[in-house]
Each structure stands twice: as C-alpha cells, then as structure tokens.
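Dear colleague,

Please find below the structure that I was asked to pass on to you. The findings follow directly after it.

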Amino acid sequence: MSTTADSRTALRICPLCEATCGLTLTIEGTRVTSARGDRDDVFSQGFICPKGASFGAADGDPDRLRTPLVRKDGELREATWAEAFDAVAAGLRPVVERYGPHAVGAVLGNPNVHTMAGALYPTVLLAGLGTRSLFTASTLDQMPKHVSSGLLYGDANAIPVPDLDRTDHLLLIGANPLESNGSLCTAPDFPGKLKALKSRGGTLTVIDPRRTRTAKLADRHVAIRPGTDAMLLAAMTYVLFEEELTDLGELAELVQGTDELREAVRDFTPEAAAEACDVDADTIRALARELAAAPTAAVYGRIGSCTVPHGTLASWLVDILNILTGNLDRPGGALFPQAATDRTPRPAGPGHGFALGRWHSRVSRHPEAKGELPMAALAEEIDTATAEGEPIRALVVIAANPVLSAPDGDRLDKALGSLDFMVSVDPYLNETSRHAHVVLPPPPPSQSPHHDFAFNTLAVRNQVRYTRAAVPLEPGRMAETEILARLVLAATGMHGAEPSAVDDLVIGQTLGKAVKEPHSPAHGRDPRELAAQLTGETGPERRLDMMLRLGPYGDGFGVRPEGLTLEKLLDQPHGIDLGPLQPRLPQPLKTRSGLVELLPQPLADDLPRLRDALRRRPEGLVLVGRRHLRSNNSWMHNIPALTGGTNRCTLHIHPDDADRLGVTNGAPVRVKGAGGEVVAPAEITDAVRRGVVSLPHGWGHDRPGTRTTHAAENPGVNVNQLLDGSLLDPLSGTAVLNGVPIDIAPTGTTP
C-alpha cells in the first residue's frame, strides 16, 4: 500500500468473476476512485477486464443498502442490526420447531463463491438447520460437471481443468471465455492464453451455435445445433475406438470399464449423429482425429454444454475424450489443481464413492445431487401441498436472485410472497429480496477481505493470495462474515451468542478430526494447543490460517517449517506462486474401486435417452442464452459503466430467419415459450446460426418494489420466463436453458 497527500493505493483481488485478477485500487478517503491491474500479482500479472476496471463504481453504487431492513406492517423499513437479528430468530425458529427442519429452505446464489463469508459460513448454517431443502445456482449452471466428476472420480469437486499454458490443442464446447473470462477454469487473461496457444503453433477448436468472440479466434468453428453436444462427443468417442486412436498412456492402470464404454457408444456413429447435430460426419471424424493426433490436448466444456437436456452426459464425455487420448492428468492436458486450502491429501486408495438420489424433492420427486435439489423445483416446493411432508414455509436466501435466474420467475415471485418468513442477505433490494421479511446487507467489497477458496481449486496454476479489506468498515456497517455468523446463531437456536463462537466451533471440530487422521500432520497432537498457535485478527483469518497449515503446502503446525501459514501469506501481498499444475492421480480418486470408473451405472442408464434423441430433429426455432464481458448474471446491470454498448438485452436472430418471419432490425419481437412470453428488440446478425435465436441471461428488472435505479431504467426482459421449469437434465437436476423450442413473431401478430 502506498500513500500520497491526496490518495492512497491498496491491493484487492477482484471478486466480480472467476478470473480472480489482482487489482490495485486508488482510494480517496473511503472511496475507491479507480482500479487497475496489479502487475506484480503472481497469477494475473496486471490483466484487468471492464468489470475489474469498474470496481469503484460497483463498490460505491448509491443503491447499495447500508442498514438492515425489517418488514413492519407490510413494509420494509430501516432497522438496527439487533432488531434485524431478533426478527430472524423470531421468524425462523418457530418454523423449525413446528414443522421440522426441511420446512426451512436455503437458496445460495453464485456470488457466494466470490466472497470469504460465502465460502466459510453457509455449510455451517445448513448443518445447524439440518434441512434437506437446499437450492443453489449450481443447478442453473455447472451441476452436471459435479455429477460427472463424482461418478468418474468419486469426488464431485474433483474437476480437471485444461492446462492452458502448455497444451498444443484446445477444444472448447459450449464455452465463450473471451466473454465470460472462464468458468470452472480460473484463468486470468483467458484471451491472452488462447492467443499464446496459437502463437506457439497450437490449435483452437470451438464448438458453439454462435460465432462468439472466442469462435472468431478459433482455427475451426463448428456451429452445432444447440442441445446436441453429448451426441457429438459420443460420436467422437466412437471414432477413437473405431479407428484405434485411443492411447491411455500412464492412465491405463488407473482406469476400468474401457470395453464396456466401447460397447456403450457403438450406436453413436458420426453418420448417426450428423443429422441430429447438424454437423457432417467427416467433420466429426476430423475432430476426433485431430484430438488424438495432437502431442497434448485438452477438451473443455462449459455452460452451453451443461444447461441442456443431456448436460451430465456431455460433461462426462468431455472427460472421456481426455482420458481416451491419454490427456487426463498430464501436462498440456487436463489436470487436477491443488489449492493451498485443500484438505490434507490422503493416501491413494478406494473411497466412499459418490451417490445420487439419497433423497428426493417433495412434489416432483426429483433426486438430490450433491446434497441439492433443483432450483427449478423451488416454486412448487413452496406453493404445492402434498402428503409427502410440509411445504417450505421459510427461506434463507444468501446472495441469490432466483426470480430472474430460475425458470418461471412469475410463479416463484408469487410463491415467495406466500412464505411465512424469509431472510435475504443481499446488498440490493432486488426482484427476490423485495419479498424478504428481513434484509441483511453486506458491506461493499472494498470493506471485506478476500481469499478464493473455491476458485483456487479450479485454477490453471497453483497459487495462493489473500488481501485484507482495503477500506475500514464504515460506521453502522457489519462485516459479511459477522452477518453470516450471527445468521447461523439466530437460525439454530443460539441467538445472542458471540459470533466468534461459530468460528471457534468450526476450528475445534476441524482440529479434532485432524488429530485423529493418520495422514494428517496434526495426528496425535492436542487440538487445543494447535488452536492456540493460530494467528489472525479475526475468526475467519484464524480459520484461513488453520486451513493453510493443514493443507498440502502448509507448515503442519511446525512439522514443515518452510510451509505456508497466514503470516507468511500476509508477507507476500501479491501472492505466492506454487507452480504449474502437476499430475496427481491416483490420489484424488475416491471411487469404491480406487480407479477412474469410465461407465458408472447412472450414466449407462441415461445413454438410451441420448440414443433416442439421435432420431429426433426438432422443428422450428430454438433459444440459447449468452453472456456479456461486462456482466455476471443479474449482478451488474445497476452499474452505468457496465451497461450499454453490446451489453444489451436484444434478441439475436439470423438474417434468413428474420426475413422469413418478417422481423426487422431493432423492431420489437414477441417470443413465446412454455413458461410465458416476452417482447425484446431484434438484433439481426449472422453471429447466430440459422434456426437459433439468443437472449442474454439475468435481465428483467421491471418489477415494483426494487431499489436498482439504473437497472430499472433499462430493464430488459427475463429470458427464463420463457421456461416453465419442466425441462431438466435428470441426473443433475439442472434446468435446460439452452436449445429450448420457442416461437417468435413481430409484435402485433401471434407467435
């Protein structure tokens, strides 16, 4: 940090997307006046995108709530923190005591993984409540990857990422990292890494129904029919077997089920897949041959291949292609990151495996996945009575806006209004939090510390960074970590206890387990003595210190003096580089066999559904979403610097389709789906293929009772209102958001 007479600078890791770039903030008083890339950051090395550059505007948004709101006589009114938490305890505990824990639902949004508080406290809250009514943004995004990884490797969080800096051949399917900055692949300056790949003679292939900015950079762009990703990948797998192009290399002794997999894909010939995918058979064969021939290669799939009817199968087949070509767990391929706060690595060997459907939703009997129920089922779990237990009567919503992000927001909007009680942790009064009985606003990010617990487990280079709050908490504010700790206490019958009790409880439980684990550096030691060694100014810092010490690079509480501690990390404000990704198998495997299980039964059982889809060619138009570089779901539409330009809610439509339907550029178009209809201006462009239209996700800021002034001036429309929530990937419970049949017509006519 440096200081002048008029201003000072401070470091901060950007929390606005998954790239986690280091920032240098300029601060005048308590106001962030500018942000630039931190050139000395060990991971991002000065890269910054428009979101990071607008950190100050997001941080200082005047519409951010500054004090809690409590509903009195039907209206949300400003209240003290004590009044707010009294209301939470009075609202939640009676529901639990009268109807049981499952009558309290929890909704966790995407921003939770962008904050320390969101990483450290929701699991404690859920354990304390004992509820199975958990809904998160995962089932609107990446849950298929968790499920496929759980089935393949026994651990739903063991997600291999492409080794971008060393690969010779990168195949992207359903991914647009030049706009998203990457997802499930934490990589600052993703555009620069793709350009470096091409500069060193590598090949970039992009499979996407839209000619995105990423696709324009590609050596080969394949404009697939939306929703057919799994069929294409299965056909590529067929080619690898048929032409004897498989080469597992060092993986051969760690894999089981190769012969069964060969038999399972025998119907997915390129010729059979070609018509369904609208990709000719020769191209499918070329994709497989090029992948197999590359010295090193990585296949990477993202949201476009996840939020489709066969999202889990597509996610599984991404890894299958990496495995069959010998590119899993090797430099230049796809490797498993090792975060500094990962648990102490255990010896390789069989584990407990991964199970699906341990319980089901009450109304439609959707199976749980990774402890979660489908977000698309939230409304019916609130508004529908059955004999299968109580409906959800109270809701804890943390950093989530499902009225815009989940299917059929109109139904969910009504359902939220019927709850006995709802508490929302959110800096804004938005389309969802407006229904809350209590709103608990966290401070702006400049006033919060930052460490990326989740994203470092997905990073393309092992590193560790931590930044303390750049600006002191303003009077009347409460740290987000304290808000969530007090929420835990209020929700679990411990209202009034000190928030430090939550951190002390977690530290005691974690160290108590560590001293009993033979592979832990803390084995056999006194957990109280270990707890006394922890440093840090706050409970969250003490927990971070504990995780670093117990982690793969840690000092083991003095066992490895050269290892990581919080103090050593604080001494390196630009972070500590831990080196490139390294092969780690078989250690990450937790399957019952201790091997990579290529064809787990749930995936084998779902393949007939994919075979049936080979014979179906949908008629009419289908809808896909799109992301903007200057946006992140519904978060940032209230920041003037991040709206306008290309970040607009328009309907992309191909010129041929527009001409056929009588649609003119800029004119309003009525779009109708199973869940309703919206009207959006047409933007005629050949960036979408024929038969496909695209609306961006996260818009629709036109509901009354919100306080997002700029977003309300340019509200856009809610693309998810076109969905009725009935279309799900059955294995993961993920809503189908792409490849959805719709009808369109100019306004004044009926679709």
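**Cavities in the predicted model**

Please bear in mind that the model is a predicted one. In total, the structure contains four cavities of 30 Å³ or more.

The lining of the largest cavity is made up of 48 residues. Those nearest its centre are S180, I303, G304, R626 and R627. By residue class, this lining comprises 21 polar, 17 nonpolar and 10 charged residues.

Which elements of secondary structure each supply at least two residues of this lining? They are the helices α7 (177–180) and α14 (303–306), together with the strand β22 (621–624). Of the contributions to the lining of the largest cavity, that of α7 is the greatest, at three residues.

The second largest cavity has a volume of about 90 Å³. Its lining consists of 13 residues, and K145, I159, P160, Y300 and G301 lie nearest the centre. Two elements, β14 (298–301) and α15 (311–324), each provide at least two residues of the lining of this second largest cavity.

What is the division of the lining of the second largest cavity into nonpolar, polar and charged residues? Eight are nonpolar, three are charged and two are polar.

For the second largest cavity, the corresponding residues are K145, I159, P160, Y300 and G301.

Yours sincerely

Note on methods. Residues numbered from 1 in each chain as written. Predicted model: local features only at pLDDT ≥ 70, side-chain atom pairs only at ≥ 80, totals over all residues. Heavy atoms only, no water. 1 Å grid on protein atoms, 1.4 Å probe; cavity = no way out; pocket = protein on both sides within 12 Å on 5 of 7 lines; lining within 4 Å. Points joined across faces, edges and corners; volume = space filled by probe spheres on them. Helix = DSSP H or I, 4+ residues; strand = E, 2+ residues; numbered from the N terminus. Nonpolar A, V, L, I, M, F, W, Y, C, P; charged D, E, K, R; others polar.
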